[in-house]
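Here is a briefing on selected features of the structure shown below. Please keep the sequence and the 3D view open while you read.

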Amino acid sequence: MNSRRAVLASVAALAAGLPTVNAVVSGSGATPAAAADQYGSNTELYTRTADREGIDWVRRFRIGAPAQVTDNDRATSGPLGSTAVIAPHGGGIEAGTSELCMAIAGYTPFEADTDPAGAAVPGEPQRDYWMFEALANSAAQHVTSTHCDDPAALAVCTGNLYAVSLHGFDDTSVKKVIVGGRDARLKRNLLAAFTKYGLTSPAADPDRNVTVVLADPSTTIDGDDPANIVNRTRTGGGAQLEISTALRKAMFGDFSGAAKRRTTAGVPSAASPDADHFWTGFVGAVREAVKNHERGLDAL
């Protein structure tokens, strides 16, 4: 039997012109797979035995329990903490996005089979998150975001007003962030926060140049498709951050594997002397943009 929450989410989705949660989970609302993808959906990946959970892939998520929210303060307006953070292509697919997802969601990057509560960052809100992480056969397990039908991902996104997704694109020549998605106000807040936190170009030090741009609507990575998992929120929108390989590498002292990325996030090394600047700047900027967005602010 469907829960009241799922029914309400489906009603909201219908009102926004989106496929219902049930239609997406059952596959009846699925679209053809992208030519480059081996699997047409997460369901197909999970069902076939070529790639196995716990050996080739793992998914991790947090779905917060409903909580009462009250604001009765005359002088200030508190943020409505309802933003999910997701990494649809984490682990070895788009390396570094899992660790960024955890950090933006309010955790020190932690490995599977550990209690996330022990990794909670003091003073930061812990947000709902969802990650799909490839442990092996990484390239084969890429599922296009518009084909994501993972029930936990849907629960995380449809249970929140807003969402931010972390992605990577293959460019080792330039440090770049492409900001896409359907939530125009969240995108403006992100652009302003990246500038505030020093992720700009040109920078005083050329090695710190970061190009931050809005996605071109004519490209395939603009993230504005209503079927994109990041846009399956209660408001029908989210923000998608595409991060170049060069910038992701620069955030870690050692980018060579998941275990090393977890322990060297923001730790300078000979290979990444500015890791602290890029890691702290990126995570801090996204956290601040999300909080401002939840307060109803707009960086016009």
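Thr-83 counts as buried because its relative accessibility is 3%; buried means under 20% relative accessible area, exposed over 50%, and partly exposed in between (1.4 Å probe, protein chains only). The model is predicted: local features need pLDDT of at least 70, side-chain atom pairs count only at pLDDT 80 or more, and totals for chains, interfaces and linings use all residues. Residues are numbered from 1 along each chain as its sequence is written, and side-chain values use heavy atoms, with hydrogens and water left out.

**Thr-83 and its surroundings**

- Thr-83 belongs to strand S2, residues 83–91. Helices (H or I, at least four residues) and strands (E, at least two) are DSSP runs, numbered from the N terminus.
- Leaving out residues up to four places away in sequence, Thr-83 touches Arg-127, Asp-128, Asn-160, Tyr-162, Ala-163, Val-164, Val-290 and Glu-294. Contact here means heavy atoms within 4.5 Å.

**Salt bridges**

- The count comes to 14 salt bridges. Each is a side-chain nitrogen of Lys or Arg within 4 Å of a carboxyl oxygen of Asp or Glu.
- Glu-294 also pairs with Arg-127 in a salt bridge, the closest N and O atoms being 2.7 Å apart. This pair links distant parts of the chain: Glu-294 sits in helix H9 (residues 275–294) and Arg-127 in the loop between H4 and strand S3 (129–134), 167 residues apart. Both Glu-294 and Arg-127 are buried.
- Arg-261 and Glu-99 form a salt bridge, with 3.6 Å between the closest N and O atoms. Arg-261 lies in helix H8 (residues 258–264) and Glu-99 in helix H4 (residues 97–104), so the pair ties together parts that are 162 residues apart in sequence. Arg-261 counts as buried at 5% relative accessibility. Glu-99 counts as buried at 2%.
- A salt bridge of 3.0 Å, N to O, joins the side chains of Arg-48 and Glu-44. Arg-48 is partly exposed, at 35% relative accessible area. Glu-44 is partly exposed too, at 29%.
- Glu-124, Arg-287 and Lys-291 form a network of salt bridges.

**Helix H5**

- H5 (residues 151–158) is mostly covered, with six of its eight residues buried.
- The buried residues in H5 are Ala-152, Ala-153, Leu-154, Val-156, Cys-157 and Thr-158.
- At the start of H5, a side-chain oxygen of Asp-150 comes within 2.7 Å of the backbone nitrogen of Ala-152.

**The second largest pocket**

- This pocket holds about 540 Å³ of space. Its volume is the space filled by probe spheres set on grid points, which are joined across faces, edges and corners.
- On a 1 Å grid over the protein atoms alone, where a 1.4 Å probe fits, a pocket is an open set with protein on both sides within 12 Å along at least five of seven lines; lining residues have an atom within 4 Å of a point.
- The second largest pocket is lined by 26 residues, and His-89, Glu-94, His-142, Ile-221 and Glu-242 lie nearest its centre.
- Strand S4 (162–169), strand S7 (239–244) and helix H7 (245–250) each give two or more residues to the lining of the second largest pocket. S4 gives the most, with three.

Note on methods
Polar contact = N/O pair within 3.5 Å; in protein donor to acceptor, adjacent residues only side chain to side chain.
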